[in-house]
Amino acid sequence: MGEIRYLANRDLSKHDILDRIVAEARSNAGLWLMVKERAMEMRALKSELGRLGGDASDMGRSFPARLTPTIAELTEELLSTIFGSCPPDMLPRAQAALLLAAESELDADTARPT
């Protein structure tokens, strides 16, 4: 896996860091498959929650994550592999970027004619 150096000196709000994190995840086929599975799990849980008339904030309580490792654990492992250590506020942004990229890829896969 590649290495991104000098994270502390970079502006963490820039998309290039998140793009590089997503690229690193995609370069590891096994990891990327697990991220896509977590995105599919989130879709299924959101759909079920909507069917039951629940609120998105209830999802964690009503439907605990079933797949292990969780997306948070996968993201934390990826970031520690790339950076060694990184600011704690980076984890949720990287997690959101990974899920968004996985969802986009899943959407593209379902839009393709067979």
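Tutor: The buried residues of H5 pack against H1, H2 and H4, with contact meaning heavy atoms within 4.5 Å. Buried means under 20% relative accessible area, exposed over 50% and partly exposed in between, with a 1.4 Å probe and protein chains only. Helices (H or I, at least four residues) and strands (E, at least two) are DSSP runs, numbered from the N terminus.

Student: Before we go on, what kind of model is this?
Tutor: This is a predicted model, in which local features need pLDDT of at least 70 and side-chain atom pairs count only at pLDDT 80 or more, while totals for chains, interfaces and linings use all residues. Residues are numbered from 1 along each chain as its sequence is written, and side-chain values use heavy atoms, with hydrogens and water left out.

Student: Which residues of H5 are buried?
Tutor: Met 90, Ala 94, Ala 97, Leu 98, Leu 99, Ala 101, Ala 102 and Leu 106. An α-helix has 3.6 residues a turn, so residues three or four places apart point the same way.

Student: How far apart are the end C-alpha atoms of H5?
Tutor: They are 31 Å apart, which agrees with the 32 Å that its 22 residues should span at 1.5 Å a residue. The expected span is 1.5 Å times one less than the number of residues.

Student: And H2, how many residues?
Tutor: H2 has 23 residues and reaches 33 Å from its first C-alpha to its last, close to the 33 Å expected. Its buried residues include Trp 32, Val 35, Lys 36, Arg 38 and Glu 41.

Student: What is in the largest nonpolar core?
Tutor: It has 23 residues, and those with the most contacts inside it are Ile 21, Trp 32, Val 35, Leu 78 and Leu 98. Helices H1 (15-27), H2 (29-51), H4 (71-83) and H5 (90-111) each supply at least two residues of this core. The largest share, eight residues, comes from H5. A nonpolar core here is a set of buried Ala, Val, Leu, Ile, Met, Phe, Trp, Tyr and Cys residues joined through side-chain atoms within 4.5 Å.

Student: Back up to the whole chain. How many helices and strands?
Tutor: Five helices and zero strands. Buried residues make up 31% of the 114 residues. Among contacts between residues at least 6 apart in sequence, 66% join residues at least 24 apart.

Student: Take Leu 74. Buried or exposed?
Tutor: Leu 74 is buried, with a relative accessible area of 5%. This residue lies in helix H4. Leaving aside residues up to four places away in sequence, Leu 74 touches Leu 31, Met 34, Val 35, Arg 38 and Pro 69.

Student: What about Gln 95, what does that touch?
Tutor: Gln 95 is found in helix H5. With residues up to four places away in sequence not counted, Gln 95 touches Ile 71, Ala 72 and Thr 75. From Gln 95 to Leu 74 is 8.6 Å, C-alpha to C-alpha, and the two are 21 residues apart in sequence.

Student: Where is Pro 69?
Tutor: Pro 69 is in the loop between helix H3 (59-62) and H4. A cis peptide bond joins Thr 68 and Pro 69, with omega about -5°. Just after H2, Gly 53 takes a positive phi of about 80°. Most residues other than glycine have a negative phi, and most peptide bonds are trans.

Student: And Pro 88, buried or exposed?
Tutor: Pro 88 counts as exposed, at 73% relative accessibility. Its place is in the loop between H4 and H5.

Student: Last topic. Which residues line the largest pocket?
Tutor: His 15, Leu 18, Asp 19, Val 22, Ala 96, Ala 97, Leu 100 and Ala 101. The elements giving two or more residues to this lining are H1 and H5. On a 1 Å grid over the protein atoms alone, a pocket is an open set of points where a 1.4 Å probe fits, with protein on both sides within 12 Å along at least five of seven lines, and lining residues have an atom within 4 Å of a point.
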